Each structure stands twice: as C-alpha cells, then as structure tokens.
Amino acid sequence: MDKLGKWDINNDPECVFCKTSPETSAHLFWDCFFTTQLWLRVFRWLQVPIPTNVHLQQWFFRATKGNSKRAKLLKQVCTDTLYSFWTERSTRIFDKMQRAPEELVKEMACIFIVRATGDLRSYLLGLVFSFNFFDESLLVLLTVIVVGLVWSS
Ligand SMILES: [Zn+2]
C-alpha cells in the first residue's frame, strides 16, 4: 500500500483543530482544547466522572485497566473516539470541511452504539433515552440503524 496514502501525511505541522500548537499525536488526541472538550462531553454523556486535577490521558490509561464493565466501556469508547478525531482531522485537511463539536459528539455517540454489542449496547442506548442528548431526526435514524442490526444478527 502507498505509505503516504496510508498514513495521511500532513505537510502542515500546525494542529488542524486549534491552529495554535504543533501537531503531535499527544496534542491532537489529548491536549488540544478542541478534542479535550469532546472528551469531556463524551464522559459527561457516559456519566463517568473524571477528576479535574489529573492529565486526561494518564487518568484514561489507569481507568481502562482490567476487565470491569466500566473498563470495557471506556476501552471501546476510546478506540472509537480516537478514530473519530482522526476522521475529522482528515476531513478538515483533505475535504476542507469541518463539523461543530455538538455535531461531532452526536455522530460519535451513534458510532459507539452501532459498534457496541450485548450489555454495552443496551447501556449506551439507555443513556440516549435518559439524557436529552439527541435531536429527534437523529434519534429516528439511530433507531432504524439499531433495529436493522438486531434484525440482521
Ligand atoms: Zn490543537
């Protein structure tokens, strides 16, 4: 595979989200104010309290250790969240389009639910209905997707 295509090499060394810091993976995924506010929204939605006095990434690596339900939930959410950040980054660089954090976090929640299985999916779906998080059109779309998944499995 073409290495350049595979790694999405960006010649602009500046972070595509905040345009104030050099783009390192640590910055892009954990330290940038854009991605940090998305993490905080995701954790708020998941009803997972995070301490304010520790570094987000360090807290996260501790919280995902082991096989507890919460650790499993956070591991899946972490993978999907990092992937969403990367996709948004590529869209901004290559398609010159960008989405607002509110839009992005709703899409991320849909991805979490669609990719989750079993208990985890039930838990995430429960959050959708317990929180006034989704607007109606998105809720309809999500219901269609979930019914489709259940039906096809
Ligand atoms: Zn940044």
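## Basis of the model

The model is predicted, and local features need pLDDT of at least 70, side-chain atom pairs count only at pLDDT 80 or more, and totals for chains, interfaces and linings use all residues. Residues are numbered from 1 along each chain as its sequence is written.

## Overall make-up

The protein chain has 8 helices and 0 strands. Helices (H or I, at least four residues) and strands (E, at least two) are DSSP runs, numbered from the N terminus. In order from the N terminus, the elements read α-α-α-α-α-α-α-α.

Of the 153 residues in the protein chain, 14% are buried. A residue is buried if 20 or more other C-beta atoms lie within 10 Å of its own, exposed if 12 or fewer, and partly exposed in between, with C-beta atoms placed from the backbone. Two residues are in contact if their C-beta atoms, placed from the backbone, lie within 7 Å. Among contacts between residues at least 6 apart in sequence, 51% join residues at least 24 apart.

## Helix α3

Helix α3 covers residues 33–46, which is 14 residues. From its first C-alpha to its last it reaches 20 Å, close to the 20 Å expected at 1.5 Å a residue. The expected span of a helix is 1.5 Å times one less than its number of residues.

The buried residues in α3 are Thr35, Leu38, Trp39 and Val42. Seen down the axis of α3, they fall within an arc of 100 degrees, so they line one face of the helix. The arc is that of the directions from the helix axis to the C-beta atoms. An α-helix has 3.6 residues a turn, so residues three or four places apart point the same way. The face of α3 turned away from the buried side carries the exposed residues Phe33 and Gln37. The cover over the buried residues of α3 includes α2 (25–31), α4 (56–63), α5 (69–95) and α6 (101–115).

## Packing of α3 on α5

α3 and α5 pack at an angle of about 145 degrees, and their axes are 12 Å apart. Axes are lines fitted to C-alpha atoms, for helices over the stretch in contact, and angles run from 0 to 180 degrees between N-to-C directions. The crossing of the two helices is right-handed. A crossing is left-handed if the near helix is turned anticlockwise from the far one by less than a right angle, and right-handed if clockwise.

On the α3 side the contact is made by Thr35, Trp39, Val42 and Leu46, and on the α5 side by Leu73, Val77, Thr81 and Phe85. These residues divide into 6 nonpolar, 2 polar and no charged. Ala, Val, Leu, Ile, Met, Phe, Trp, Tyr, Cys and Pro count as nonpolar, Asp, Glu, Lys and Arg as charged, and the others, Gly among them, as polar.

The 15 residues of α6 should span 21 Å at 1.5 Å a residue, and the end C-alpha atoms of α6 are 21 Å apart, which agrees. Val105, Met108, Ala109, Phe112 and Ile113 are the buried residues of α6. Seen down the axis of α6, they fall within an arc of 135 degrees, so they line one face of the helix.

Asp80 lies in helix α5. Asp80 has 19 other C-beta atoms within 10 Å and is therefore partly exposed. Leaving aside neighbours within four places in sequence, Asp80 is in contact with Met108, Ile111, Phe112 and Arg115. Asp80 and Phe112 are 32 residues apart along the chain, and their C-alpha atoms are separated by 6.6 Å.

## Asp31 in α2

Asp31 is found in helix α2. Asp31 counts as partly exposed because it has 16 C-beta neighbours inside 10 Å. Not counting residues up to four places away in sequence, Asp31 touches Ala26 and Thr36. The C-alpha atoms of Asp31 and Leu56, 25 residues apart along the chain, are separated by 8.2 Å.

## Loop residues with positive phi

Lys19 sits in the loop between α1 (3–7) and α2. Although Lys19 is not a glycine, it has a positive phi of about 55 degrees. Lys19 has 10 C-beta neighbours inside 10 Å, so it counts as exposed.

Gln47 follows α3 and lies in the loop between α3 and α4. Gln47 is not a glycine either, yet its phi is positive, about 60 degrees. With 10 other C-beta atoms within 10 Å, Gln47 is exposed.
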